Every structure is written in C-alpha cells, then in structure tokens.
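Welcome to my notebook. I jotted down what I looked up, entry by entry, so that you can follow along.

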Amino acid sequence: MSGEYIHKQGLVYKNQFHVVFCPKYRRPVLVDGVDVRLKEILLEKAAELDVKILSIEIMPDHVHLFISFDPRLMLHKIIKILKGASARILREEFPSLKSRLPSMWTRSYFSCSVGHIGEAAVRRYIEEQKNA
C-alpha cells in the first residue's frame with residue numbers, strides 16, 4: 001500500500017478505495033482475452049479521469065480494483081464511467097458478450113475505503129480532541 005500523501009494546491013489527501021464489480025448474473029465471461037482487454041480499458045480510462053489504479057485483478061466473474069483519486073471526484077461517477085466505457089468497448093470488440101448478457105455489468109458494486117489506520121484509532125483521536 002502506498003504510504004505517501006498526495007499534495008495538490010489547497011489539498012492533501014490519501015483517498016483510497018477497494019472496489020469490486022461483477023458481470024450481469026455474475027457470469028464467468030471475463031476470460032479468453034476479454035480479461036486482458038478489460039484491464040487495458042480500465043487503465044486507460046482511469047488515466048483520463050486522473051484516477052490511479054494501484055492494483056487490479058480480473059477474475060472470470062468479477063473485477064477487483066484498488067484505486068486512489070482526488071476526493072473532489074465522486075466514487076460513484078468514477079465507477080459509472082469505468083463500467084460504461086468498458087461495457088461499450090467490450091461488447092463492440094467481443095460480440096459474443098451481446099448474446100450472453102443483456103448488459104455487461106450489474107448495477108451494483110462494492111466499495112470500501114482503505115486507510116493506514118483503523119476505525120478505532122480515528123474514533124479515539126476525535127474523542128480525545130477536547131482533552132488535548
């Protein structure tokens with residue numbers, strides 16, 4: 001995990017999320033070159049959005065991303081763009097996906113913020129501020 005904070009004008013942050021999303025019906029369609037192309041698309045699209053993909057793994061029936069991005073961006077919009085662009089391109093380049101799935105991705109996704117300290121430490125720090 002990256003230990004460095006990102007410094008921008010008026011902002012210092014470490015905004016990291018673990019994100020998981022799945023093909024419709026969790027069908028194992030991310031194989032036979034679809035996985036390789038999906039990774040290329042996600043990396044390319046993320047770069048356009050100024051989102052850093054710190055780690056990526058494409059499984060046959062789901063995708064894991066570990067991403068970092070400017071907190072002024074919204075996670076939901078980032079995921080929407082990544083899923084939308086990848087669905088359009090993959091269904092164009094791999095016509096079999098059109099016949100196997102009515103849409104490429106499920107509407108939902110999993111996300112969890114990732115930090116270098118735990119929830120308990122944050123709670124304790126906030127609670128102790130008046131006593132400091």
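**Entry 1: aromatic pairs.** I started with two residues, F21 and W105, and both of them are buried. A reminder for myself: this is a predicted model. F21 and W105 form an edge-to-face aromatic pair, with 4.8 Å from centre to centre and 85 degrees between the planes. I then checked where the two sit: F21 is in strand 3, while W105 is in the loop between helix 3 (96–100) and strand 6 (110–114). They are 84 residues apart, and the pair links distant parts of the chain.

How many aromatic pairs does a search of the whole structure find? The search gives two. The other pair I noted is F17 with F69, whose ring centres are 5.6 Å apart and whose planes meet at 20 degrees; planes under 30 degrees apart count as stacked, so this pair is stacked. F17 belongs to strand 3 (residues 16–21), and F69 to the loop between strand 5 (62–68) and helix 2 (75–93), so the pair ties together parts 52 residues apart in sequence.

Are F17 and F69 buried or exposed? F17 has a relative accessible area of 16% and is buried. F69 is buried as well, at 2% relative accessibility.

**Entry 2: charges over rings.** Next I looked for lysines over aromatic faces. K14 lies over the face of Y5, 5.9 Å from the ring centre. K24 lies over the face of Y25, at 5.8 Å from the ring centre.

**Entry 3: helix 1.** Helix 1 has 16 residues (34–49) and should span 22 Å at 1.5 Å a residue; its end C-alpha atoms are 22 Å apart, which agrees.

Which residues of helix 1 are buried? I listed V34, L38, I41, L42 and A46. These cover an arc of only 125 degrees around the axis, which means that they are on the same side of helix 1. On the other side, V36, A47 and E48 are exposed. I also asked what the buried residues pack against, and found strand 3, strand 4 (52–59), strand 5, helix 2 and helix 3. Just after helix 1, D50 takes a positive phi of about 60 degrees.

**Entry 4: V51.** V51 counts as buried, at 6% relative accessibility. Leaving aside neighbours within four places in sequence, V51 is in contact with A46, I67, S68, F69, L73 and I78. The C-alpha atoms of V51 and D70 are separated by 7.6 Å, with the two residues 19 apart along the chain.

**Entry 5: the core.** The largest nonpolar core has 29 residues. Those with the most contacts inside it are L30, L42, V63, L65, I67 and M104. Strand 3, helix 1, strand 4, strand 5 and helix 2 each give two or more residues to this core. Which element gives the most? It is helix 2, with seven residues.

I took a closer look at L65. Not counting residues up to four places away in sequence, L65 touches F17, H18, V19, F21, L42, I53, S55, I56 and L82.

**Entry 6: E127.** I ended in helix 4 (residues 119–127), the place of E127. E127 is exposed, with a relative accessible area of 59%. From C-alpha to C-alpha, E127 and A87 are 45 Å apart in space, and 40 residues apart in sequence.

Notes
Residues numbered from 1 in each chain as written. Predicted model: local features only at pLDDT ≥ 70, side-chain atom pairs only at ≥ 80, totals over all residues. Heavy atoms only, no water. Phe/Tyr/Trp six-rings, centres within 6.5 Å; stacked < 30°, edge-to-face > 60°. Helix = DSSP H or I, 4+ residues; strand = E, 2+ residues; numbered from the N terminus. Buried < 20%, exposed > 50% of the residue type's maximum accessible area, 1.4 Å probe, protein only. Lys NZ or Arg CZ within 6 Å of the ring centre and 35° of its normal. Expected span 1.5 Å × (residues − 1). Arc of directions from axis to C-beta. Contact = heavy atoms within 4.5 Å. Core = buried A, V, L, I, M, F, W, Y, C linked by side-chain atoms within 4.5 Å.
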